[in-house]
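Reader: I would like to work through this structure by question and answer. Please show it first.

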Amino acid sequence: MSTTTPTGPPAAKADARGGRLGRNTQRLNEIGLIGAIVVLFVVLSATAPGFLSVTNQLAILRDAATIGVVAWAMTLVIVAGEIDISIGPAVAFSSVLLAKATGEWHIPFALAVLVCLAVGLLLGAGAGFLRARWGIPSFVATLGLWSALRGLAQYMTDGLPVPLDANGFLDVLAGSILGIPTPAIIMAVVFVVFLFVANRTAYGRSVFAVGGNAEAARLAGINVSRIRVILFATTGLLAAVSGLLLAARLGSGNGGASVGLEFDVIAAVVIGGTSLAGGKGSLLGTLLGVAFITVIGNGLVLLGVNAFFQDVVRGVIIVGAVLINVLLSKRNGARSA
Amino acid sequence: MSNTDVVAEVRAGTKRYPGVTALSDVDFAVRRGEVRALLGKNGAGKSTLIKVLSGAEHLDSGEALVRGTSLAGLGTRDVAALGVATVYQELSLVPEMTVAENLFLGAWPRSRGALDLRRMRAGAKEAMARIGVDIDVDSPVGALGSAGQQLVEIARAVAQRPTLLILDEPTSSLAAAEVRQVIDVVRTVAEQGVAVIYVSHRMDEIRQVADTATVVRDGRIVETLPVRTASTHEIVAMMLGTAPEAVAARTRRPSAEPPVLSARALVSDRLNGLDIDVRPGEILGIAGVLGSGRTETLRALVGLDRPASGEIRLRGEAVRPGAFAAMLARGLGMTPENRRREGIVPLMGVDENIVISDLRKVSRSGVLDRRAIRQAARALIDRLAIKTARPGTPIGTLSGGNQQKAVLARWLHAGSDVLLLDEPTRGVDVEAKRQIYDQMRLLADDGRAVVFVSSEVEELADVCDRIVVLRGGRAVAELSGDEIELNRVMALAIAEE
């Protein structure tokens with residue numbers, strides 16, 4: 001009886017198992033996504049004419065930016081256990097605001113851009129404030145924005161596109177820098193910023209803490225309300241940036257644009273392995289999720305699939321991808337128990 | 001007592017997990033009508049034994065039998081059908097549903113496709129009567145409080161008419177006064193001929209509930225003995241495997257310094273003119289029964305709640321009540337009572353859970369410094385002997401004691417010098433408890449003020465330099481130094497309800 005082992009080391013071993021597996025699930029998901037994207041590339045280059053062409057690849061990058069610019073911010077929102085469904089209307093509203101401000105209201109262009117960004121930021125912050133101060137679920141707060149901004153954008157324009165006067169800045173936004181579409185460059189820059197913010201700043205880690213256990217975070221001295229306001233202010237700001245890119249691309253402010261964009265963004269984040277329950281997620285995963293969704297969309301167009309039926313295919317693929325992710329983490333979870 | 005009375009037994013049972021032998025050649029038997037306490041540190045093998053008897057795990061060698069039937073190859077459902085009911089530590093009730101609905105969760109009586117509410121209520125009333133408890137079966141479970149919920153959980157298990165009832169730490173989330181109710185229920189159930197296996201860390205309650213106790217250590221059964229005749233020191237020594245003399249050796253040093261934190265005439269929902277002085281260099285215990293205002297006192301002091309009236313002074317200066325962030329910035333730190341719900345961020349690493357209290361300390365010009373985080377965390381992990389594979393291991397996978405030490409480490413990282421600890425030893429094994437006591441002592445010796453709230457009077461009497469006894473939201477007595485005696489503290493706390 002005296003030669004038995006102490007109880008410490010076995011416990012520590014069990015910990016190591018749980019920890020490594022938790023991380024492995026995320027890794028597995030990312031590896032799986034990379035695999036899926038590679039398969040998509042192989043299949044599409046064999047079946048879809050012109051898929052591998054430089055023009056098409058650049059078009060994919062440009063399309064990716066539509067989702068990506070906001071998806072990085074959305075990742076943190078979802079990690080924090082929140083959701084922002086106001087993205088599509090917010091983007092459209094921002095494009096309308098730019099067109100109206102520069103045209104009808106004669107505001108100097110640079111100032112109009114700043115106004116758009118500021119309004120986007122404040123609207124987001126407003127939704128965040130409703131969540132943080134009064135505990136209105138973020139789904140509801142942003143549902144309000146979703147409805148109001150779409151309505152406002154359509155009302156201000158009578159449902160018609162408002163033309164924008166061309167200028168150098170818009171041309172750059174709509175065009176390319178060194179051959180790379182400008183939106184893709186902005187997406188990349190914002191990605192690097194968010195990667196850094198999420199992992200290397202107190203704010204980023206606080207977001208994970210709030211999502212993992214908001215009450216514990218509060219008792220540890222984190223200002224949870226402030227974090228929540230900032231989260232939605234960021235999605236608001238980046239939706240406004242997307243709006244500017246949209247306006248530049250279309251040459252007009254368009255109140256009816258970007259319908260359903262919020263769901264593409266949320267789908268990309270969730271496919272990337274971020275948990276809707278909060279506390280867990282990765283920007284790298286979201287990056288792959290954005291790539292996955294964009295490539296599918298592009299392929300379906302090239303294959304000449306009926307536009308309505310494209311939505312059906314995408315819906316099935318998105319749920320399937322998340323299902324695989326869930327099954328993977330279940331299996332890992334079962335093994336570690 | 002004949003062998004036919006044996007309800008469940010394990011013969012020469014051995015169970016190995018990778019790298020550890022959880023049960024080693026164990027012989028164990030319980031008889032009908034017997035309440036058997038299972039004692040041992042976390043990891044001693046108690047949980048494995050329970051899992052084997054409930055069919056959740058199977059022995060590598062040896063035999064497990066329930067009413068003469070071997071459990072080999074049987075699943076938990078089969079074993080339940082043999083008459084084994086298990087109540088685990090975590091409650092599995094739906095708070096929004098009524099007691100009756102919860103009692104029949106998933107097996108609601110139906111007639112012609114619709115719920116048969118009358119039958120359900122009648123069945124629920126009968127189930128509550130069987131355990132001798134009077135709880136309104138129509139009230140939502142969430143409205144009951146922890147003790148009531150635990151009783152519903154037991155009632156649900158007993159309603160299956162088990163021959164063996166296994167209770168895994170049924171009282172770990174209950175205050176001392178509520179434990180009484182659970183004990184009464186367990187006795188009632190045992191008198192009906194059910195064999196009960198009762199796991200707990202609290203000696204006092206084991207004495208009241210159990211006939212015999214089996215002490216487990218390192219996967220072996222050390223001894224099975226009648227609890228009434230065994231002394232606590234003897235049993236603790238068996239659990240720890242050390243001589244009784246090594247267990248307790250305490251010195252009390254009430255501080256003579258002026259208070260660093262003091263409150264006068266605090267009034268709130270639960271506080272009723274509370275006065276308290278917290279001095280640097282000592283461990284101040286707060287004793288009192290459930291509802292006496294222990295947690296509320298801490299929350300008011302740290303600024304989480306704003307009292308309706310009263311004054312709080314920190315280092316002689318009046319502070320604005322309810323200014324939580326400011327209080328943290330000025331050196332206060334609190335570890336909450338409910339570690340899982342309010343203490344830890346389970347998916348985050350131990351390291352980040354520690355440094356979260358002050359991320360500026362591990363940042364350079366606004367950017368987190370990974371090396372600084374690792375160093376800071378490593379130092380505290382070593383200092384508090386937190387058992388974790390790596391600093392980055394998700395804290396949710398650690399044992400309760402190690403989680404608690406990490407939550408305490410959080411405030412050491414922040415450099416807090418007034419530490420308010422709410423039930424820091426709840427649900428923590430004996431070894432970790434001792435380490436937490438040692439840390440409190442070291443911190444007090446270091447000149448910090450430690451406030452220790454506990455519903456276990458024994459440990460307060462054991463570690464504190466001074467004890468304030470609360471009753472009905474007021475401090476009714478203060479004992480310091482040699483005035484502290486277990487019986488006295490206990491008597492003061494429970495006197496005139």
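Reader: In this predicted model, which residues of α4(A) does α3(A) meet?

Author: Start on the α3(A) side. Ala90(A), Ser94(A), Leu97(A), Leu98(A), Ala101(A) and Thr102(A) make the contact there. On the α4(A) side they meet Phe109(A), Ala112(A), Val113(A), Val115(A), Cys116(A), Val119(A), Gly120(A) and Leu123(A).

Reader: How many residues of each class are in the contact of α3(A) with α4(A)?

Author: Sort them into nonpolar, polar and charged. The contact of α3(A) with α4(A) has no charged residues. The rest of this contact divides into three polar and eleven nonpolar.

Reader: Are α3(A) and α4(A) roughly parallel or roughly antiparallel?

Author: Helix α3 of chain A spans residues 87-102, and helix α4 of chain A spans residues 109-134. Their axes lie 9 Å apart and the packing angle is about 150°. An angle over 145 degrees counts as roughly antiparallel. So α3(A) and α4(A) are roughly antiparallel.

Reader: At what angle do helix α2 and helix α12 of chain A cross?

Author: Helix α2 of chain A covers residues 54-79, and helix α12 of chain A covers residues 283-302. The crossing of α2(A) and α12(A) is right-handed. Their axes come within 9 Å, and the angle is roughly 145°.

Reader: How many charged residues are in the contact of α2(A) with α12(A)?

Author: α2(A) contributes residues including Ala59(A), Ile60(A), Asp63(A) and Trp72(A). Among those from α12(A) are Leu283(A), Val290(A), Ile293(A) and Asn298(A). By class, the contact of α2(A) with α12(A) has eleven nonpolar residues, six polar and, as for charged, one.

Reader: Is Met74(A) buried or exposed?

Author: Met74(A) is found in helix α2 of chain A. The cut-off for buried is 20 or more other C-beta atoms within 10 Å. Met74(A) has 29, so Met74(A) is buried.

Reader: How far apart are the C-alpha atoms of Met74(A) and Asp84(A)?

Author: Leave out residues up to four places away in sequence. Met74(A) then touches Asp84(A), Thr235(A), Val265(A), Ile266(A) and Val269(A). Asp84(A) is ten residues from Met74(A) along the chain, and their C-alpha atoms are separated by 7.2 Å.

Reader: How many residues of helix α11 of chain A are buried?

Author: Val265(A), Ile266(A) and Val269(A) are among the buried residues of α11(A). Glu262(A) and Asp264(A) are buried too. Helix α11 spans residues 261-271, and of its eleven residues the number buried is ten.

Reader: Which residue just after α11(A) takes a positive phi?

Author: Look just past the end of α11(A). The phi there is about 100°, and the residue is Gly273(A).

Reader: Which residues does Thr235(A) contact beyond four places in sequence?

Author: Thr235(A) lies in helix α10 of chain A, residues 224-250. Thr235(A) is buried, with 31 other C-beta atoms within 10 Å. Its contacts are Val70(A), Ala73(A), Met74(A), Val77(A), Asp84(A), Ile87(A) and Gly124(A).

Reader: How many residues of helix α9 of chain B are buried?

Author: Helix α9 of chain B runs over residues 294-302. The buried residues of α9(B) include Arg294(B), Glu296(B) and Arg299(B). Gly303(B) follows α9(B) with a positive phi, near 90°. Of the nine residues of α9(B), the number buried is nine.

Reader: How far apart are the C-alpha centres of domain 1 and domain 2 of chain B?

Author: The domain assignment places domain 1 of chain B at 3-245 and domain 2 at 261-494. Their C-alpha centres are separated by 32 Å.

Notes:
Residues are numbered from 1 along each chain as its sequence is written. Chains are lettered from A and ligands numbered from 1 in the order in which they are written. This is a predicted model: local features need pLDDT of at least 70, side-chain atom pairs count only at pLDDT 80 or more; totals for chains, interfaces and linings use all residues. Domain bounds come from an automatic or database domain assignment. Axes are lines fitted to C-alpha atoms, for helices over the stretch in contact, and angles run from 0 to 180 degrees between N-to-C directions. Helices (H or I, at least four residues) and strands (E, at least two) are DSSP runs, numbered from the N terminus. Angles under 35 degrees count as roughly parallel, over 145 as roughly antiparallel, 65 to 115 as roughly perpendicular and the rest as oblique. Two residues are in contact if their C-beta atoms, placed from the backbone, lie within 7 Å. Ala, Val, Leu, Ile, Met, Phe, Trp, Tyr, Cys and Pro count as nonpolar, Asp, Glu, Lys and Arg as charged, and the others, Gly among them, as polar. A crossing is left-handed if the near helix is turned anticlockwise from the far one by less than a right angle, and right-handed if clockwise. A residue is buried if 20 or more other C-beta atoms lie within 10 Å of its own, exposed if 12 or fewer, and partly exposed in between; C-beta atoms are placed from the backbone.
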